[in-house]
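Good morning. I will go through one structure today, starting with the surface around the RNA and then moving to a set of strands. Please have a look at it first.

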Amino acid sequence: MADITISLPDGSKRILPAGASGADLAADIGPGLAKAALIVSVDGIQRDLAGPLDDGASVAVITADSDAGLHTLRHSTAHVLAQAVLDLWPGATYAIGPPILNGFYYDFELPDGATFSADDLEAIDARMREIIAADQPFERFETSASDALGLFAGHRFKQEIIERVTAGEAGSEMAGEMAATAPQGGTAAGVISCYRNGDGFIDLCMGPHVPSTGRLGHFALQTVAGAYWRGDEGQPMLQRIYGTAWASRKELAGHLHRLVEAEKRDHRRLAAELDLVSWPEALGPGLAVWHPKGAIVRKQIEDYSRARHETGGYDFVFSPHIAKAVLWETSGHLDFYADSMYPPMEVDGASYYPKPMNCPFHVLIYDSGQRSYRDLPLRYFELGAVYRYELSGAIHGLMRSRGFTQDDAHIFCTREQVAAELASLLEFTLSVLRAFGFDDFQAKLSTRPTEKAVGDQELWDMATDGLREALSTAGLSYVVDEGGGAFYGPKIDVDVTDAIGRPWQLSTIQLDFNLPERFGLEYVGSDGGRHRPVMIHRALMGSIERFFGVLLEHYAGAFPTWLAPEQVRVLPVAGEHQGYAESIVERLVADGFRASVDPADEPLGKRVRAGKVAKVPHVLVVGGDDVANGTVGENARGADSPERDLPLDDFVERLADEVDAKR
RNA sequence: GCCCGAGUAGCUCAGUUGGUCAGAGCAGGCGCCUUGUAAGCGUCAGGUCGUCGGUUCGAAUCCGACCUCGGGCUCCA
């Protein structure tokens, strides 16, 4: 039999006997790799280790070190979860169970509408570990759609998937998905692939999978949740189990530890601990009140935003919280956004809606007079409070609320001005975000939807090119969401990455070809003719409340000094030093700093601790020596040890520098 | 909205099978202590056990409804 030649990623070649599998290749390279190998990538297509390799193929052996390997590990663990559930609940059926970030889930429907309870997870976990201990091989086989329908008799979700896959070949929406994902398993068109492990467990799956269940085990089942089939409220509610899975015990422990850490910086917990914000039940879900310490931080954020807009070419405007139905009819909100609006108040025979957006008001301001091309661009800025009727289950602290304030602006410009306007706007956006300590950005460009869209193609192209240019000028990496734009215009969304690596979508820059049309906006051009302006919606922080929440989590409550609610706390060592402490605070407050005295009613150690726990950036201790010499003992937040005998003037200068530098 | 889970002092929690189970620590008030760097001592006050109904001789505990909060509701075979 002729040998086959395989190319490896490093460019080297290996000769193997004909019929050799990925596992054989891994073993040929070395015993360590043989043990670690999970799947192979053959000419860029992921496959099981067990399958034979073709002569001349480029093959990479994939281990759990790579994302692809981890994905496979999680995907296979999801299968074991399904096997365990089907073992334990006779009559249960299963839907889908993909790998996700850090883990996996699987959706089930239990007989007679039964639901999982949190206690069930323990039994499922135990059964999964038995399956893993049995080291059952994952065996792939392929079949026709009609045979597959028989194989999954009684499992309606699997049958639906098979039907969709089959229909997909005729060119439905599913075809695109399959085309995009087929390389994962290398399934030929018209063939349904399945995996069998254990005595009778079979799942419909593209694969690939790890060689056997024994390769799994570092997992934890996490939560039970309801999830609609295909994410559609009109579809049945399935029972979803989430889990996390890793290549080693250590990585699993690390992940669980990170979850605990993330919980510690949960903004809702910190908001309560630091006395910043609360959500009194009497207000209703998704509505918060700002306590003095939270409010002063928010004020710093807003003041900074206003100052930047004031020097950034914006005009300030204000608009009311409610408006008559006719405004929302004209803007179209009542057509496509009514579900998210609070119901109207009836006053004097008219219906007034709380505003979910500020744009129509700004449009009216534009429309309050005749505009010349010489006036453009016009940039209207408002910290506008809006109210949106979010689903009660979607509400989440300050991150998703029913009342919030946008750092909102609308720019009205000519078509010719769009590109330049976008470029400077993106620079402006990043500059503002950087001031708050974010420097890791990721952008998304959303382009023209394939179906309905308003505005001519030329306009879309120009605006989309403008956005693209702005992104490259700013040196921002971005992904393109083809067809992901709204019907009324393309947009850029900007994510920041926080201190523990989580992305938050903050900024959005959105072209709008629709509202100017609906409101019949015009300007007089240099040709004397009337033209339609282009409108740009933009928010940098998005929601001030949410931005505050993101900052709170980013800094784990330890706001930089310029934002900190309490910048300096002065602790007199004993009662006799109270006067000196007060004189320091007086001076600091006069200079515009936020400072207070914590009197000597408690032992110094206790007060120092209280200052640290409150995350005050500077805790000053002043005693007899300091009174005599005009000095302070400085405890900088995060410093290991105090700095004694620091001249007060030096401290104030340092503090001022720190605040100026926004540190 | 829908699925699962949770609601006991301001906060974190304990309360065994329904029968002194209404408790603790921290925070708060008041005294004492006058402190040189991460919790001094004493004392007082605080709760309709989320709300409303029901079962029971008796409910924080069991049942139902409601309210609020938390997690989830396509990262897609």
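This is a predicted model. The residues of the surface near RNA strand B divide into 29 nonpolar, 18 polar and 13 charged. In total, 60 residues surround RNA strand B, and the closest are A600, K606, R609, G624 and N635.

Which part of the RNA faces the protein, sugar or phosphate, or bases? Of the RNA strand B atoms within 4 Å of the protein, 46% belong to sugar or phosphate, and the rest belong to bases.

Here are some individual distances. A backbone N or O atom of R230 lies 3.0 Å from a base oxygen of RNA strand B.

Now the strands. Strand β22 (residues 441-446) runs antiparallel to β24, with 6 bridges joining them. One of the pairs is Q442 with its bridge partner D495 in β24. β22 also pairs with strand β23 (residues 478-481), in the parallel sense, over 4 bridges. There, A443 has Y478 as its bridge partner. Between β22 and β23 the chain passes through helix α15 (residues 457-474), and this β-α-β crossover is right-handed.

Last, K491, which lies in strand β24 (residues 491-497). Its side chain makes a polar contact of 3.4 Å with that of D493. Further along the sequence, K491 touches residues including K444, L467 and I509.

Key: Residues numbered from 1 in each chain as written. Chains lettered and ligands numbered in written order. Predicted model: local features only at pLDDT ≥ 70, side-chain atom pairs only at ≥ 80, totals over all residues. Heavy atoms only, no water. Helix = DSSP H or I, 4+ residues; strand = E, 2+ residues; numbered from the N terminus. Polar contact = N/O pair within 3.5 Å; in protein donor to acceptor, adjacent residues only side chain to side chain. Contact = heavy atoms within 4.5 Å. Pairing = 2+ DSSP bridges. Right-handed = clockwise from strand over helix to strand, strands pointing away. Near = heavy atom within 4 Å. Nonpolar A, V, L, I, M, F, W, Y, C, P; charged D, E, K, R; others polar. Lists of a residue's contacts leave out its neighbours within four places in sequence.
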